Amino acid sequence: MDLAGHRIVVTGAGRDFGRALAHHFAGLGAELFLAARTSAAAEGTRREILNRGHEQVHAFACDLSDPASIRSFADELGERTDHIDVLVNNGARWLEGPDLLSASDEDVADTIASGGAGTVLVTKNLLPLLLASACPDIVTLVSTCGVPGAHHARAHEAYYAAKNAQRGFTEALSRRLRPQGVRVISLFPPDFDSSRDILDPDWDAVARDTHSPLAAQSVIDCITFAIRQPRDCFINAFHFEPLSATRPH
């Protein structure tokens, strides 16, 4: 329960890695503010956490591709709390395609909007609540696709564009906010399996040896480690060595 008293926002919390992260933080005692594209998705994770006996959890709809939805989410959040301690920018759309022509214009625009503009606008709209915290951290799940020169056989070019936008944004934001005591932490994981159910009794039984692909549990551990550090310890980024060829985060 060593995150008791921390107020944490997680975007993309309705499924997969965001859902697992929400359950993990609940187990450490944090008060959670969960956002997903639909209220039903966020509420589903909220109900699961409530059923495990953790009552400090709230659910919100937030479509990261829609600036009006992001503003509405920020307004609702401001009615529930006067500050947040951690923002986890986890939500972003994955887009697969063998070449530029393989995706519709709408899919391209939605991918770049949710991952790129969505990350910027959520952070912008929640920044006043973060600056009201004594220990503000902004965590962004980028991807190896956001690393210059990276190659992934299945990722569409629009996904690369979104992830490189996140990287550029977090690098600039870190320089701007560091003097105000805000830590900006970026993670660049390669492919990892985020589909395992954290409620499965065998959740922690996943292989995590030298020759295993990166586990979602290890990414969660990195995030938790970074935000637990004393304020003199600023971990700017986690870069991981890719090992597998499944779907990137």
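What we have here is a predicted model, in which local features need a pLDDT of at least 70, side-chain atom pairs count only at pLDDT 80 or more, and totals for chains, interfaces and linings use all residues. Residues are numbered from 1 along each chain as its sequence is written, and side-chain values use heavy atoms, with hydrogens and water left out.

Let me begin with the helices, which, like the strands, are DSSP runs numbered from the N terminus (H or I, at least four residues, for helices; E, at least two, for strands). The axes of helix α1, residues 16-27, and helix α6, residues 216-228, come within 11 Å and cross at roughly 50°, where axes are lines fitted to C-alpha atoms, for helices over the stretch in contact, and angles run from 0 to 180 degrees between N-to-C directions. That angle makes α1 oblique to α6, given that under 35 degrees counts as roughly parallel, over 145 as roughly antiparallel, 65 to 115 as roughly perpendicular and the rest as oblique.

On the α1 side, Phe17, Ala20, Leu21, His24 and Phe25 meet Ala216, Val219, Ile220, Ile223, Thr224 and Ile227 of α6, contact meaning heavy atoms within 4.5 Å. The residues of this contact divide into 9 nonpolar, 2 polar and no charged, with Ala, Val, Leu, Ile, Met, Phe, Trp, Tyr, Cys and Pro counted as nonpolar, Asp, Glu, Lys and Arg as charged, and the others, Gly among them, as polar.

Turning to the aromatic side chains, the structure holds 5 aromatic pairs; rings of Phe, Tyr and Trp (its six-membered ring) pair if their centres lie within 6.5 Å, and planes under 30 degrees apart count as stacked, over 60 as edge-to-face and the rest as tilted. One of these pairs, Trp94 with Tyr159, is edge-to-face, at 5.0 Å centre to centre and 75° between the planes. This pair links distant parts of the chain, 65 residues apart, with Trp94 in the loop between β4 (86-89) and α4 (105-131) and Tyr159 in helix α5 (residues 157-177). Trp94 is buried, with a relative accessible area of 15%, and Tyr159 is buried at 1%, where buried means under 20%, exposed over 50% and partly exposed in between (1.4 Å probe, protein chains only).

Phe238 and Phe240 form a stacked pair, 6.5 Å centre to centre with 25° between the planes. Finally, Phe225 in helix α6 is partly exposed at 45% relative accessibility, and, leaving aside neighbours within four places in sequence, Phe225 is in contact with Ile235 and Phe238.
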